[in-house]
Amino acid sequence: QMCIRDSSYIITVSYKNDNKEQMEMKRKWWHDKVAYQIYPKSFLDSDGDGIGDLRGIISKLDYLKDLGIDIIWLSPIYQSPFVDQGYDISDYYKIAEEFGTMEEFDELLAEAKKREMFILMDLVVNHCSDKHEWFQKALEDPEGEYAQYFHFVQGKDGKEPSNYRSYFGGSAWEKVPGTEKYYLHMFAKEQPDLNWENPKLRDEIYKMMNWWLDKGLAGFRIDAIINIKKDLSFPSFEPDGTDGLASCVKMVEEVQGVGEYFEDMKAHTYGKYDAFTVAEVFNMKQDELPEFIGDNGHFSTIFDFSAHELVQGSHGWYDSRPFVFTDWRDVIFASQKEAQGIGFKANIIENHDEPRGASRFLPEYAQNETGVKMLATTFMFLYGIPFIYQGQEIGMTNCRRSDISQYDDISTKDQYREALQAGCTREKALECCYENSRDNARTPMQWNGGKNAGFTSGTPWLALNSDYRKINVEEQEKRDDSVLSYYRKLIALKKSSEFKEVLTYGRFVPEYEDSDSIFAYHRIREDGGQNILVAANYGKETCEIPLKRELIKVLISNIGEEDVIEREAKKSGKIKLNSCQAVALEIKE
Ligand code: TEU
């Protein structure tokens, strides 16, 4: 069955670019690297307290090296009360004792360096913890200098200064005890927003960043950084919910000038170290991409969240939009086209805030190893730097819970409440959590099929996903056809001497955009000579795509043997793609 509605075939769109030099991006040391996000609390526990730790990470550096990983992003390991799992920092200069000691962190840095691997820390400076000494001192003296490190704002008519709803529900304002003032917290009330208008605060942050960079960090993943600029008049907005509040994002979207802070931070810190920075940016304004990731951009790169934003509901998880393959493919294509000639985006399938990609982006009939490998193929060869999230490389899936009490995440509990308040049944509200919860990504890493999946000898802080006996590293290391073995092959191909250039810098050109089941694109070398076609059949039926250009080689396939596929395709002049089959082909330029 021809899965291409018209007789379109492989064409190489001659990329019209009237500004050639725009295509000549400056090459950077991290461009050809593969990154991996570790969520330390759930990665590997070495001392039996049920919480992952640095010693556990050190013990798995060779596992990550064998996978082909170069850059490791550690979600926060600083001292924290863990209200938001470490994204509420109470001391920027201390390692949380739950994770280990500063000496163990220095050992991790040294061991990574030995393996030519790079460590990124998570920089969380839109807010700190309410247990941070700055905030404690501010509460002691709401008129003093430390109150200026935050947004302590006079209430209006005995009420909050504005009608902002925080990301985690409820007002984004909390009363300052003993005053008529409120402090702003866009996230939890235990995460007071820092006041970036205050040069003294900025200097404190820069000093801390340079202290970590001087220790040998390769850079930072930068948390919620678009939020640091506030409209100090704190205008209220049209309520967008039954609580009479409006999402605090509205203020973030309207306010101008956040770029000035980014440039100030870059000039005083990572810009001086040629450090790698990957920013978590939502709500970027139209046409600002070159300022963010261009050759002289605010950051080295930003995450591509286009696929994740596509399904987000307008009020919450309970009104998330259904997943539609062609919409998903098209937003990724649009994001890829937008980046061409500007800079690299950081491509993800999942992270610690998102559900597992194997459950979110694959139709029911593809929720198996073949489908997971197809998703991996589609993702790995996109233009930009790939960030793999812990457990993605073995195809970990969402974790079904029978009661909200089995969830830990502050956001999940809020979303469950919102769903009930919106009239959902308990079952529907729980289903929303199954489909969207951040805890899906935070269940302990599944190392083997033994007790607690080899994650801990104690009681895991968050219950395991019950599928760990089926999906785990040890079982997959023994199988050549496992997801893990396939990820290793994908990364090896991406980094191979023959294809590294085209798979790092080759122009992205979408293909078969009119198909309702094919996800296909080219990577084409600017200097000619190499054209790679990545094609995947997300449909249920087998289909064929015609080869109008000579097939040189089948580089990888998630189904069958590459040389058999190649022989048949050269004979027939077509590539047959089974349902859920993905291939990467070298074709004649
Ligand atoms: O997330 C910031 C953020 O904007 C997300 O919370 C996003 O808005 C939300 O997941 C809805 O899509 C960062 C961290 O990644 C997250 O884990 C923290 O909870 C948050 O900041 C506060 O530090």
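**Exercises: ligand shell and a helix pair**

By class, the residues around the ligand split into five nonpolar, four polar and seven charged. The model is predicted.

**Exercise 1.** Find how many residues surround the ligand, and which are the closest.

**Exercise 2.** Find the distances from polar side-chain atoms of R221, H352 and R438 to ligand oxygen atoms. Then state how much of the ligand's area the protein covers.

*Solution.* Step 1: apply the cut-off, a pair of N or O atoms within 3.5 Å. Step 2: take each residue in turn. For R221, a polar side-chain atom is 3.0 Å from a ligand oxygen. For H352, the distance is 3.0 Å. For R438, it is 2.9 Å. Step 3: turn to the area. On its own, the ligand has 490 Å² of accessible area, and the protein covers 90% of it.

**Exercise 3.** Describe how helices α14 and α15 cross, and which residues meet.

*Solution.* Step 1: locate the helices. Helix α14 spans residues 410-421, and helix α15 spans residues 426-436. Step 2: compare the axes. They come within 9 Å and cross at roughly 145°. Step 3: assign the hand. The crossing of α14 and α15 is right-handed. Step 4: list the contact. From α14 come T412, Y416, A419 and L420; from α15 come R426, A429, L430 and C433. Step 5: sort these residues by class. Six are nonpolar, one is polar and one is charged.

Notes. Residues are numbered from 1 along each chain as its sequence is written. This is a predicted model: local features need pLDDT of at least 70, side-chain atom pairs count only at pLDDT 80 or more; totals for chains, interfaces and linings use all residues. Side-chain values use heavy atoms; hydrogens and water are left out. A residue is near a molecule or strand if one of its heavy atoms lies within 4 Å of it. A polar contact is a pair of N or O atoms within 3.5 Å; within protein, one must be able to donate a hydrogen and the other to accept it, and residues adjacent in sequence count only if both atoms are side-chain atoms. Accessible areas come from the Shrake-Rupley method with a 1.4 Å probe; for residues, only the protein chains shown count as cover. Ala, Val, Leu, Ile, Met, Phe, Trp, Tyr, Cys and Pro count as nonpolar, Asp, Glu, Lys and Arg as charged, and the others, Gly among them, as polar. Axes are lines fitted to C-alpha atoms, for helices over the stretch in contact, and angles run from 0 to 180 degrees between N-to-C directions. Helices (H or I, at least four residues) and strands (E, at least two) are DSSP runs, numbered from the N terminus. A crossing is left-handed if the near helix is turned anticlockwise from the far one by less than a right angle, and right-handed if clockwise. Contact means heavy atoms within 4.5 Å.
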